[in-house]
Amino acid sequence: MSGARITLGDFEIQHIQAAVYRWDGGTFFGVVPKTMWSRKLPADDLNRVPVAMNSYIIRTGDHNILVETGAGDKLEERARERAGLPAEVEQMPETLARYGIDPEEIDIVVDSHLHWDHCGGNTILKNGIAVPAFPRARYFASRPEWEHAHERHIRDSVSYNDLNYDPLVDSGQMVLVDGAHEVAPGVRMRPAPGHNRDMCVVTAASQGRTFCFFSDLVPTIAHVQPTWVAAFDLFPLQTIDTKLEWLETASRKEWICGFGHDSSTGFAGITPDPKARFTGHPIEIAAPRASH
């Protein structure tokens, strides 16, 4: 349920769904036959499946951390139409306000990677100039990922827009990190290659309990099956190996997990499955309390 909150030790985690768009189902599930994936995620008449842009707020008591900022306002009209996104852009601060969250409370923003649908809301265009969407926040992203974005490789250059991050790097507001990094006590970025070389998952641990945001390593609960890998993953075999490692840990340690693009599941547990290796189980959460 979008907007739902969970408490983990001293932390509170809230699921934020910025938008639901539509993406080609074959691309989203790669070599998996449609007869299999369509049982879990039915497609429309254009073979597109509903895909969410999920963000999470991690409240630690000392920090209010936003993980992912959605698509933002820099997509061309044709690209928005192709993805089924509305023509009128809702900025991430507006999205948070819609969920009863004061955008001024956000003091840390974490990008799992720099694809447009995960960091497009980092900045807002004002008179053609990209300015921070969260002026008080310190932003964090992977340095190798930022360097790759500027390589303009023909395979994935379309996924990057420098206006989403370069103004923040130039001003010193974005911190580029190498490898694993603790952005706040208990909240860490951890490399999880496969979707691309330098994507990170984000974990939040308090009093022996852990929340793990899988981002595009496991984009939906259907992708918990290790061999269900999206066609746009640059290193699919590495994705499988990385998923096996993270899912085994999540299952064994009973983590609560979140997905980058699931349109109906905000929080899930991972358990072993004799047929699929692992299964994701949505966690039912009561209606969210009134925002503070």
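How many bridges join strand β5 to β8, and do these strands run parallel or antiparallel?

1. Three bridges join β5 (residues 108–110) to β8, and the two strands run parallel. Strands here are DSSP E runs of at least two residues and helices are H or I runs of at least four, numbered from the N terminus; two strands pair if DSSP finds at least two bridges between them. Opposite V110 you'll find F140 in β8.

2. A quick caveat: this is a predicted model, where local features need pLDDT of at least 70 and side-chain atom pairs pLDDT 80 or more, while totals for chains, interfaces and linings use all residues. Numbering starts from 1 along each chain as its sequence is written, and side-chain values use heavy atoms, leaving out hydrogens and water.

3. β8 also pairs with β9, in the parallel sense, over four bridges, with A141 standing opposite L176 in β9. Four of the five β8 residues are buried (under 20% relative accessible area, 1.4 Å probe, protein chains only).

4. Look at I106: beyond four places in sequence, I106 touches I57, N64, L66, L96, F134, R136 and A137 (heavy atoms within 4.5 Å).

Notes
Buried means under 20% relative accessible area, exposed over 50%, partly exposed in between (1.4 Å probe, protein chains only).
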